[in-house]
Amino acid sequence: MNLGVPLRLDGVGFAYGETMMSFDVSVAASEIVAVMGPSGSGKTTMLNLIAGFETPSKGRILVGDRDVTADPPSQRPVSMIFQENNLFAHLDLFSNVALGRSPALRLSAEDRAATLDALSRVGLAGKEARRPRELSGGERQRAALARALVRRRPVLLMDEPFASLGPGLRAEMAELVGDLHRETGMTILVVTHSPEDALALAPRMVFVDAGRIAADGPTQHLLGHGGPEAVRAYVGQSRSR
């Protein structure tokens, strides 16, 4: 299976209050890229622009060969996983994941099979009847990943998906995302504050600072001793927190 398509932000501008942001970046089909940078630098805004939750003041957003700049989020070939995982407390695990196939939960036999398969692939088989409150933090993030899988969109955006997890679970989730990326070939952008997560997940990293792409290159190089000064300063601060 190879779902991934190229992704490009072509001169995309966005005003956040008095802050002007500008993004130019291209991601190859099936590439996985880590996005790092200080709080408030524009990482989440960049993902929201791709997903359609924010509207650019200029430029184009291209997914595959399609200009999606004016498309609403529901019509974009993009899934997004948030830090909070966005599970509905009143629905069981099966229904929360099945929402990715049908927001009205009008499910065909194929939809049900796809939902069960996704739950199995993220290690949640047998827990379909549980409510989110009965799941651990790691299990809730796995459920959010399963919902993205059943949507079968070629681009997956992840906004600090492991931020609330302990070190052991972070490593486990990073390994799971890597396995699913190799299996599906989705194009993935993952925002993280953790250099360890970036190194575990992505061969390439973009560093966002003051609303722009300040550095773009191999993750190991950017996070190494010879990396850009802004990245080294940020990594030093993040590790001293």
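# Buried helix, loop residues and pocket

Visitor: In this predicted model, which residues of α1 are buried?
Guide: The model is predicted, and the helix in question spans residues 43-51. A residue counts as buried when its relative accessible area is under 20%. In α1, that class holds Lys 43, Thr 45, Met 46, Leu 47, Asn 48, Leu 49, Ile 50 and Ala 51.

Visitor: How many of the 9 residues of α1 are buried?
Guide: Helix α1 is described as mostly covered. Its buried residues include Lys 43 and Asn 48 as well as Leu 47 and Ile 50.

Visitor: Is Ser 30 buried or exposed?
Guide: Ser 30 sits in the loop between β2 (19-27) and β3 (32-36). Although Ser 30 is not a glycine, its phi is positive, at about 70°. Its relative accessible area is 19%, and the buried class requires a value under 20%. Ser 30 is therefore buried.

Visitor: To which accessibility class does Leu 105 belong?
Guide: Leu 105 is located in the loop between α2 (93-98) and α3, and has a positive phi near 55° without being a glycine. Its relative accessibility is 30%, whereas buried means under 20% and exposed over 50%. Leu 105 therefore counts as partly exposed.

Visitor: Which side chain forms a polar contact of 2.5 Å with the side chain of Thr 69?
Guide: Thr 69 belongs to the loop between β5 (66-67) and β6, and is buried because its relative accessible area is 17%. A polar atom of the Thr 69 side chain also lies 2.8 Å from the backbone nitrogen of Ile 61. Beyond four places in sequence, Thr 69 touches Pro 56, Gly 59, Arg 60, Ile 61 and Arg 76. The side-chain partner at 2.5 Å is Asp 67.

Visitor: Which backbone oxygen does the side chain of Arg 131 reach?
Guide: Arg 131 lies in the loop between α3 (109-121) and α4 (137-151), and at 30% relative accessibility counts as partly exposed. Apart from neighbours within four places in sequence, Arg 131 is in contact with Ala 89, His 90, Leu 91 and Asp 92. At 3.3 Å, the side chain of Arg 131 reaches the backbone oxygen of His 90.

Visitor: Which elements give two or more residues to the lining of the largest pocket?
Guide: The largest pocket has a volume of about 580 Å³. Its lining comprises 22 residues, and those closest to the centre are Ser 79, Met 80, Gly 100, Arg 147 and Arg 151. The elements that contribute two or more residues are β6 (78-81) and α4.

Visitor: From which domains does the lining of the largest pocket draw at least three residues each?
Guide: The lining divides into 12 nonpolar, 5 polar and 5 charged residues. Elements giving two or more residues to this lining are β6 and α4. At least three lining residues come from each of domain 1 (7-77 + 153-240) and domain 2 (88-152).

Terms used: Residues are numbered from 1 along each chain as its sequence is written. This is a predicted model: local features need pLDDT of at least 70, side-chain atom pairs count only at pLDDT 80 or more; totals for chains, interfaces and linings use all residues. Side-chain values use heavy atoms; hydrogens and water are left out. Helices (H or I, at least four residues) and strands (E, at least two) are DSSP runs, numbered from the N terminus. Buried means under 20% relative accessible area, exposed over 50%, partly exposed in between (1.4 Å probe, protein chains only). Contact means heavy atoms within 4.5 Å. A polar contact is a pair of N or O atoms within 3.5 Å; within protein, one must be able to donate a hydrogen and the other to accept it, and residues adjacent in sequence count only if both atoms are side-chain atoms. On a 1 Å grid over the protein atoms alone, a cavity is a set of points where a 1.4 Å probe fits but cannot get out, and a pocket is an open set with protein on both sides within 12 Å along at least five of seven lines; lining residues have an atom within 4 Å of a point. Grid points are joined across faces, edges and corners, and a volume is the space filled by probe spheres set on the points. Ala, Val, Leu, Ile, Met, Phe, Trp, Tyr, Cys and Pro count as nonpolar, Asp, Glu, Lys and Arg as charged, and the others, Gly among them, as polar. Domain bounds come from an automatic or database domain assignment.
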